[in-house]
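Here's a quick briefing to read alongside the model. Have the sequence and the 3D view open as you go.

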Amino acid sequence: MLFLPVSVAPVLHTESCNPLQTEPIFTVMQIPAQSPLLVLLLSCRNDAVTLCFVFRQYTSVRPDLHLHYVQACQKSSQPENPFVAHVLQEADKNDEIRCTKGITLKIAGNNHPVPVQRVTDDDLGVLASVLRHAAFVKGLDLAYNVLTDAGAKTVATFLQENSSLQYLNLMFNDVGTSGAELIAGALHRNRSLVHMRMTGNKIGNQGGMFFASMLQSNSTLQKLDLGDCDLGLKCLIAIATALTQNKSLRAINLNRPLLYSQEEETTVHIAKMLKGNSSLVELHLSKHEMKNFGVERLCEALYENSSLRYLDLSCNKITSDGVKFLGELLKRNQSLVILDLNANRIEDAGATYLSEALSVHNRTLQALSVVSCSISGKGLTALSNAIKANMILSYIYIWGNTFDEDACMSFSELIQMGRLNPNCTDVAPYEVDGQAQLAELSHGLQREYYWAPRHRVVADSAANASLGLVAVSEYL
């Protein structure tokens with residue numbers, strides 16, 4: 001161990017970043033000789049601002065999270081949640097959390113070999129008091145717990161008081177409209193959160209309106225997931241309107257709204273937004289009941305958009321006529337990297353439109369998903385030929401279609417000759433009586449969006465390929 005005298009001049013007050021204190025402060029810190037903190041302090045000894053930051057990160061809260069949690073439970077007469085206590089104990093074992101990039105506490109209530117005690121509103125109240133000044137905690141995963149609007153109030157207060165949290169996952173809790181109002185209200189003023197997941201909380205149309213209002217003033221949030229939140233027509237239009245002005249949001253998930261109109265008003269407004277938005281990189285519009293008219297409107301807008309990289313149109317009502325518009329777009333578009341058309345009835349004609357554009361014209365699309373698209377051997381063979389002609393197109397997902405002998409042979413050859421990496425597709429070749437066949441693999445763009453196996457069998461880069469192709473922020 002080294003006892004290192006550190007002269008910090010000037011040094012920031014621990015309570016606030018201002019004012020600066022000009023008198024030197026001398027303190028003694030007990031630091032292990034091999035500690036990364038020692039290296040950081042020595043490397044930035046001539047940079048007062050950086051030195052102060054490192055010093056504050058180290059001294060803000062010691063990483064004795066479990067001890068603080070036990071004390072907080074005793075103080076509030078709240079029983080300890082053994083699951084939360086275990087996660088905090090594991091976090092305390094990380095010696096580098098004080099001075100490196102920080103940690104994400106994973107307290108999701110699902111996916112455990114033995115059922116755990118899920119986090120309640122009361123549990124969250126105690127946990128928030130422990131983490132309020134823990135600057136090294138950058139992410140908090142509370143998915144699949146039993147948090148309600150009362151817990152949302154705790155979250156809102158925490159977001160107002162904490163200035164270090166960058167990632168918050170509340171997917172599939174029981175937060176409703178009033179909870180959405182509190183969280184969105186806190187995000188009006190929060191300047192640290194980069195990625196927010198509200199997935200599966202039934203906040204409804206009114207709850208979505210609160211988030212639309214938040215997007216008009218928040219300039220920090222980069223990724224927002226409102227999928228499966230029962231959003232309605234009005235809030236989708238309001239969100240699209242807000243995104244015409246918002247310049248910070250780079251990814252948004254609006255999957256599975258509750259729409260009762262067949263006029264596709266939401267698609268028209270989203271298309272209008274895309275014409276003027278230059279910051280959005282990733283857009284998810286799955287299960288929007290979108291038809292060929294809506295696709296045509298989107299394509300018209302994307303001729304004028306050069307920022308969107310990832311377009312998700314899965315599980316809609318797009319046919320080959322709609323894909324014809326996409327094919328024409330791909331001939332001219334130079335920005336799209338990922339196109340997800342899963343579960344649309346595009347058939348062989350649609351696959352042919354795509355293959356024509358990708359074979360000759362487009363050299364930017366890297367990933368195409370046409371899983372369960374009613375494509376037969378003719379269309380699949382055309383897509384395999386597009387891969388042979390286009391060296392940029394490296395990821396393709398085709399399971400759920402009708403494979404004939406020619407299609408099986410074509411994709412088997414692509415994989416065996418090394419043109420198609422086995423980790424970049426969802427089929428694997430094998431032979432039966434000398435005849436090529438294809439088997440399914442657990443690979444995809446977002447195969448583990450809702451759930452990921454605890455014990456990794458498939459590489460994350462294969463099961464969730466989109467994260468590597470279009471990275472929006474560090475906390476994904």
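Helix H9 (residues 233-242) buries Cys235, Leu236, Ala238, Ile239, Ala240 and Ala242, where buried means under 20% relative accessible area, exposed over 50% and partly exposed in between (1.4 Å probe, protein chains only). Those buried residues pack against H8, strand S10 (251-253) and helix H10 (265-276). Helices (H or I, at least four residues) and strands (E, at least two) are DSSP runs, numbered from the N terminus.

This is a predicted model, so local features need pLDDT of at least 70 and side-chain atom pairs count only at pLDDT 80 or more, while totals for chains, interfaces and linings use all residues. Residues are numbered from 1 along each chain as its sequence is written, and side-chain values use heavy atoms, with hydrogens and water left out.

**H8 against H9**
- The axes of H8 (residues 204-215) and H9 come within 8 Å and cross at roughly 10°; axes are lines fitted to C-alpha atoms, for helices over the stretch in contact, with angles running from 0 to 180 degrees between N-to-C directions.
- That makes H8 and H9 roughly parallel (under 35 degrees; over 145 is roughly antiparallel, 65 to 115 roughly perpendicular and the rest oblique).
- On the H8 side, the contact (heavy atoms within 4.5 Å) uses Asn205, Gly208, Met209, Ala212 and Leu215, and H9 brings Leu233, Lys234, Cys235, Ala238, Ile239 and Ala242.
- By class, eight of the residues in the H8 and H9 contact are nonpolar, two polar and one charged (Ala, Val, Leu, Ile, Met, Phe, Trp, Tyr, Cys and Pro count as nonpolar, Asp, Glu, Lys and Arg as charged, and the others, Gly among them, as polar).

- Asp348, Gly350, Ala351, Leu354, Ser355, Ala357 and Leu358 are the buried part of H13 to look at.
- An α-helix has 3.6 residues a turn, so residues three or four places apart point the same way.
- Cover for the buried residues of H13 includes helix H12 (320-332), strand S13 (338-340), strand S14 (367-369) and helix H14 (377-389).
- The axes of H13 and H14 come within 8 Å and cross at roughly 10°, so this pair is roughly parallel.
- H13 meets H14 through Asp348, Ala351, Leu354, Ser355, Leu358 and Ser359, with Lys378, Gly379, Ala382, Leu383, Asn385, Ala386 and Ala389 on the H14 side.
- The class tally for H13 with H14 is seven nonpolar, four polar and two charged residues.

**Ser286**
- Ser286 sits in the loop between strand S11 (282-284) and helix H11 (292-302), and is buried at 4% relative accessibility.
- Setting aside neighbours within four places in sequence, Ser286 touches Asn255, Arg256, Pro257, Asp312, Ser314, Cys315 and Asn316.

**Aromatic rings**
- Rings of Phe, Tyr and Trp (its six-membered ring) pair if their centres lie within 6.5 Å; planes under 30 degrees apart count as stacked, over 60 as edge-to-face and the rest as tilted.
- By this rule there are four aromatic pairs.
- Trp399 and Phe403 have ring centres 5.8 Å apart and planes at 35°, so the pair is tilted.
- Trp399 is partly exposed at 26%, and Phe403 is partly exposed at 23%.
- Tyr144, Phe172, Tyr449 and Tyr450 are linked into a cluster by ring pairs.

**Whole chain**
- The protein chain has 17 helices and 17 strands, and 53% of its 476 residues count as buried.
- Of the contacts between residues at least 6 apart in sequence, 78% join residues at least 24 apart.
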